[in-house]
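Hi,

Here is the structure I promised to pass on.

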Amino acid sequence: MPDYQTVRRVQHSPEKMYNIVADIERYPEFLPLCEKLTILNSREEDESSPGKKIIEADMTVGYKTITQTFRSKVILNNQNKTIQTTNIGGPFK
């Protein structure tokens, strides 16, 4: 399966960047083409992994008359400031 990776250098601290990207409910406020974001499920992973949160969400993107909704599973790890995203529904595999 194809994979995509990119690296961008920014002038912000890792904690600030993590907080911006982890706040997925606010994506429609600042992400171009993001029209709507709906949290379907949000829970802590388990007690043995404090700081890990699992979110399932639908994000609708649009351009002119074309709109598409993507469903993702997002794992937020506040301890090591990582975010793992997996596509679980939408037009791409």
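Let's start with Leu33, which sits in the loop between H2 and E1; helices (H or I, at least four residues) and strands (E, at least two) are DSSP runs, numbered from the N terminus. Phi of Leu33 is near 75°, a positive value in a residue other than glycine. Most residues other than glycine have a negative phi. Lys64, in the loop between E2 and E3, also isn't a glycine and has a positive phi of about 55°.

Before going on, a word on where this comes from: it is a predicted model, where local features need pLDDT of at least 70 and side-chain atom pairs count only at pLDDT 80 or more, while totals for chains, interfaces and linings use all residues. Residues are numbered from 1 along each chain as its sequence is written, and side-chain values use heavy atoms, with hydrogens and water left out.

Is Lys64 buried or exposed? With a relative accessible area of 71%, Lys64 is exposed (buried means under 20% relative accessible area, exposed over 50%, partly exposed in between, with a 1.4 Å probe and protein chains only).

Now the inside. The largest nonpolar core has ten residues, among them Tyr18, Tyr27, Ile55 and Val74. Such a core is a set of buried Ala, Val, Leu, Ile, Met, Phe, Trp, Tyr and Cys residues joined through side-chain atoms within 4.5 Å. Helix H1 (14-22) and strands E1 (34-44), E2 (52-63) and E3 (66-77) are the elements that give two or more residues to this core.

Leaving aside neighbours within four places in sequence, Ile55 is in contact (heavy atoms within 4.5 Å) with residues including Ile24, Ile39 and Val74. Val74, counted that way, also touches Ile83, Gln84 and Thr85, among others. The C-alpha atoms of Ile55 and Thr85 are separated by 9.5 Å, with the two 30 residues apart along the chain.

How many aromatic pairs does a search of the whole structure find? One, where pairing needs ring centres of Phe, Tyr or Trp (its six-membered ring) within 6.5 Å, and planes under 30 degrees apart count as stacked, over 60 as edge-to-face and the rest as tilted. Tyr27 and Phe30 have ring centres 5.7 Å apart and planes at 75°, so the pair is edge-to-face. Both lie in helix H2 (residues 27-30). Tyr27 counts as buried at 14%, whereas Phe30 is partly exposed at 42%.

Cheers
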